[in-house]
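Dear colleague,

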Amino acid sequence: KRQQWLDFVVRLGAEARQGTPPRPPTFPPSASRRSLGSPRRPSTCSPDEPLVSIIIPHYECPDVLRGTLESVVNQTYRCLDVTVVDDISLSETTQQALHDLESSSLFEDGWRILRPTSKGYQGGARNFGARQAAGDYVFFLDADDLLMPDTISVAVGAAVRTEADVVTGWVDCFEGSGNTPPTTTTGRWVPVGPSVALSLLDNAFGGAAGLWRLESFLSTGGFKHIVAYEDYELYVRAVLSGLRIELLPRPLYWYRTKQPHSALASTDVYLNRRQVLSTFLNATNPSLHLPLETLYGGLPGSLGNSGLLQHIII
């Protein structure tokens with residue numbers, strides 16, 4: 001089985017490099033662009049700077065959201081706007097906190113909070129924000145994570161120099177409810193970059209926080225409406241469709257672990273990975289499906305029950 005697996009990933013990578021790009025799966029046009037009144041270009045922008053729209057999906061975590069917004073305020077790159085998309089938070093405490101934020105000085109330069117009428121989870125909230133974005137680029141930032149002071153500057157510089165569609169990087173992890181940059185980290189995630197073969201085994205691209213050329217993001221159809229691994233699945237779909245992803249060999253942001261509303265903590269890892277593997281299967285020649293079915297005992301019912309999956313992926 002191990003040799004079958006190696007043969008499979010080699011063939012998959014070879015097919016992706018051939019002249020005819022693999023067909024991406026089709027999804028509803030959830031990320032088609034429409035306007036709810038796009039924010040004005042910030043007064044901090046110089047004429048030749050690309051505007052970056054930062055999209056922050058939020059659900060029931062206003063205390064840490066304030067710290068996330070402060071990390072945006074502290075960016076060395078100034079040509080940006082911010083859209084918080086609240087994914088139907090229900091508590092009165094949260095709604096009051098969001099109202100207070102809207103009335104604060106943070107939201108004086110065109111920043112805004114949008115409130116969709118249907119729940120979209122993280123991916124759907126990001127799509128909703130991107131449809132309203134005015135920027136040349138969008139940067140997706142979770143409501144409990146913190147940017148490093150030069151995150152946007154470094155990402156935009158890399159995107160302009162390399163003409164990348166997507167820019168990601170390493171991730172530093174921390175714990176706790178603090179709203180200031182951590183003095184210590186609990187670990188560092190070092191993804192290796194956009195390898196088709198390796199991304200079949202695990203997320204080789206980086207976290208959800210990343211810079212996208214807006215038109216490139218919209219061309220993908222956006223995040224799939226799934227509870228977890230929506231970023232991993234979208235990166236796979238992007239690279240299989242020919243978009244260029246650049247991974248910077250340095251940390252781009254601080255990722256807060258062990259949050260109570262974390263989708264990864266509350267969902268099944270194998271079911272999440274099945275979504276990603278289904279995207280691979282939809283985008284590759286059917287002749288490549290058999291090795292995977294042999295390894296995992298059939299799709300989709302027993303995918304993830306194999307001990308080999310645990311040893312290779314987990």
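There is one disulfide in this structure, which is a predicted model. The disulfide joins Cys 45 to Cys 79, with a distance of 2.0 Å from S to S, and the link of these two residues is right-handed, with 95 degrees about the S-S bond. The pair links distant parts of the chain, since Cys 45 lies in the loop between helix H1 (2–16) and strand E1 (52–58), while Cys 79 lies in the loop between helix H2 (62–73) and strand E2 (80–86), 34 residues apart. Both Cys 45 and Cys 79 are buried.

Next come the aromatic rings, of which the structure holds eight pairs. In one of them, the rings of Phe 140 and Phe 217 have their centres 5.0 Å apart and their planes at 55 degrees, so this pair is tilted; the reasoning is that planes under 30 degrees apart would count as stacked and planes over 60 as edge-to-face, with the rest counted as tilted. This pair links distant parts of the chain, with Phe 140 in strand E4 (residues 137–140) and Phe 217 in helix H7 (residues 214–219), 77 residues apart. Both Phe 140 and Phe 217 are buried.

Phe 205 and Tyr 235 form another tilted aromatic pair, at 5.6 Å centre to centre and with 35 degrees between the planes. Here too distant parts of the chain are linked: Phe 205 is in the loop between helix H6 (196–201) and strand E8 (210–213), Tyr 235 is in helix H8 (residues 230–240), and 30 residues separate them. Phe 205 counts as buried at 0% relative accessibility, and Tyr 235 counts as buried at 2%.

Which residues form one aromatic cluster? They are Phe 140, Phe 205, Trp 212, Phe 217, Phe 223 and Tyr 235, so that the members of both pairs described above are found in this list.

Finally, there are charged residues placed over rings. Arg 126 lies over the face of Phe 223, at 4.8 Å from the ring centre, and Phe 223 belongs to the aromatic cluster. The charged end of Lys 119 sits over the ring of Tyr 59, 4.0 Å from the centre of that ring.

Terms used
Residues numbered from 1 in each chain as written. Predicted model: local features only at pLDDT ≥ 70, side-chain atom pairs only at ≥ 80, totals over all residues. Heavy atoms only, no water. Phe/Tyr/Trp six-rings, centres within 6.5 Å; stacked < 30°, edge-to-face > 60°. Helix = DSSP H or I, 4+ residues; strand = E, 2+ residues; numbered from the N terminus. Buried < 20%, exposed > 50% of the residue type's maximum accessible area, 1.4 Å probe, protein only. Lys NZ or Arg CZ within 6 Å of the ring centre and 35° of its normal. Disulfide = S-S within 2.5 Å.
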